[in-house]
Amino acid sequence: MSISGMMRTSASGMAAQSSRLGTVSDNIANASTHGYKRAFTEFSTIVLETGKSAYVPGSVDTTVRYGISQQGGFDYTTSPTDLAVSGNGFLLVTDGSDATYLTRAGSFVKDDQGYLVNAAGFKLLGYPIVNGSTAAASNGTAGMEEVNISAMSLEATPSTLGTYHANVPIDATAVAAGNRPSDNLATSAYSAKASITAIDNVGREVTLDVYYTKTGTNTWEVSVFNAADAASSTAPFPYGASGSSPLSETTLTFNASTGQLASVAPTNPAGLVISIPVPNGQTLTLNIANTSELAEDFQVLTPTINGNSPSAVEGVEFNKDGTLYAVYGNGARVGIFRIPLATVPSPDNLTPQAGNVYTVSADSGNLQVGFPGTSVFGELRSSQLEKSTVDTATELTTMIESQFAFTANSKVFQTGGELMEVLVNLKR
């Protein structure tokens, strides 16, 4: 046996245990770091060619690995911009350069410019939502932008949908043709009137006057006008130019036996509706399917119209599909970004970088990009943070094992030194 070989072997053993203690110390230091993945050291033997008469000691080799694919637990928070991933996916972040990193550290807050930045200073990446859609690439980061939640302006939502159910009195007197609201003359007469408020494209309220006029047995005419065009508040007809058409005109026919709506003209395949082009707005589709003709006074039942006046952004919220919504003061929610997740075929072979982020390596495989809840990309959780995967008790146990192993290797080295000293003294 070579004494120098024995000393070299014990030295490699001490170096190996030093490396193991290094990973233990790093793990313990990051036991409370959100999104941190435990590092550990694996050993393998190096065997030298040995003859039958003498043993030639080899050494030990070390490989540092990371349990990146290991799922951590979750801490619940009160911040909607705190994000955690349950499953295989990673959040995509950038440090402001062209480089893109993967991370599970999702403690994002808004910086002074409105960007979502985590504790390490990395900015969250996402796809901007334009006209309700995103341009996403499945094998790269093209089209992604740094998520900014302060660049939103005031938002007004025009009215497009509503319900407007009414009861018209079956005993009402019919109005002769040529003298109805649809004729829009100063002499126009009607059976009942109601008004509704809609929102136009710039957030202004538009009052619409709705006239119900009996035209015959179980038949009614519904005419809608812009109240702003009324001749006066007491004598509204004619609206605008005399004889001009109303915004909308519909004929209702009721079932004589039940008093329920039998049909609407013109026929609409979407159901019994009235379509009203709101001035400087969108087409307002009113569902009137529950309108009735009964022996009761005229009354409007459960009118509801969507749309909102201008309002500023008051906060944000994430949907589980990755959509980031701007929440306005009027209750409206508008999707502004969709947050993707990324993964690789071998996550444990990603290359760790400072700031609790990872980069793709040759051993990890190519980047795959998708959205939360699809395929293998896991689930996005808002107001949660993933805990470190470090178990302090396990690390302390490993530290004690390595301490004893290091001490044993040092004793071997010390013994080899003493034997070497004996050999040197033989010369004397």
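Select Pro-238 to begin; this residue lies in the loop between strand E15 (219-226) and strand E16 (248-254). Helices (H or I, at least four residues) and strands (E, at least two) are DSSP runs, numbered from the N terminus. The peptide bond that leads from Phe-237 into Pro-238 is cis, with omega near 0 degrees. As background, most peptide bonds are trans, and most residues other than glycine have a negative phi.

The model on display is predicted: local features need pLDDT of at least 70, side-chain atom pairs count only at pLDDT 80 or more, and totals for chains, interfaces and linings use all residues. Residues are numbered from 1 along each chain as its sequence is written, and side-chain values use heavy atoms, with hydrogens and water left out.

Asn-218 is buried, with a relative accessible area of 14%; buried means under 20% relative accessible area, exposed over 50%, and partly exposed in between (1.4 Å probe, protein chains only).

Then select Thr-302, which is placed in strand E21 (residues 299-305). Here too phi is positive, near 45 degrees, in a residue other than glycine. Thr-302, however, is exposed, at a relative accessible area of 55%.

**Asn-356 and the strands beside it**

Centre the view on Asn-356, in the loop between strand E27 (351-353) and strand E28 (357-359). With 16% relative accessibility, Asn-356 counts as buried. Its side chain reaches the backbone oxygen of His-34 at 3.0 Å. This is a polar contact (a pair of N or O atoms within 3.5 Å; within protein, one must be able to donate a hydrogen and the other to accept it, and residues adjacent in sequence count only if both atoms are side-chain atoms). Leaving aside residues up to four places away in sequence, Asn-356 touches Thr-33, His-34, Gly-35, Tyr-36, Leu-102, Thr-103 and Ala-105, where contact means heavy atoms within 4.5 Å.

Thr-103 leads on to E28, where it stands opposite Val-357. E6 and E28 run antiparallel and are joined by two bridges; two strands pair if DSSP finds at least two bridges between them. Strand E6 (residues 100-103) also pairs with strand E5 (residues 90-94), in the antiparallel sense and over four bridges. Show Thr-94, which stands opposite Thr-100 in E6. The hairpin of E5 and E6 has five residues between the strands, and Gly-96 takes a positive phi near 100 degrees there.

**The strands around E25**

Select strand E24 (residues 323-328), which pairs with E25 in the antiparallel sense over five bridges. Val-327 has Arg-333 as its bridge partner in E25. Four residues separate the strands of this hairpin, in which Gly-331 has a positive phi near 95 degrees. Strand E25 (residues 333-338) is also joined to strand E9 (residues 123-128) by two bridges, and these run antiparallel. In that pairing, Pro-128 has Phe-337 in E25 as its bridge partner.
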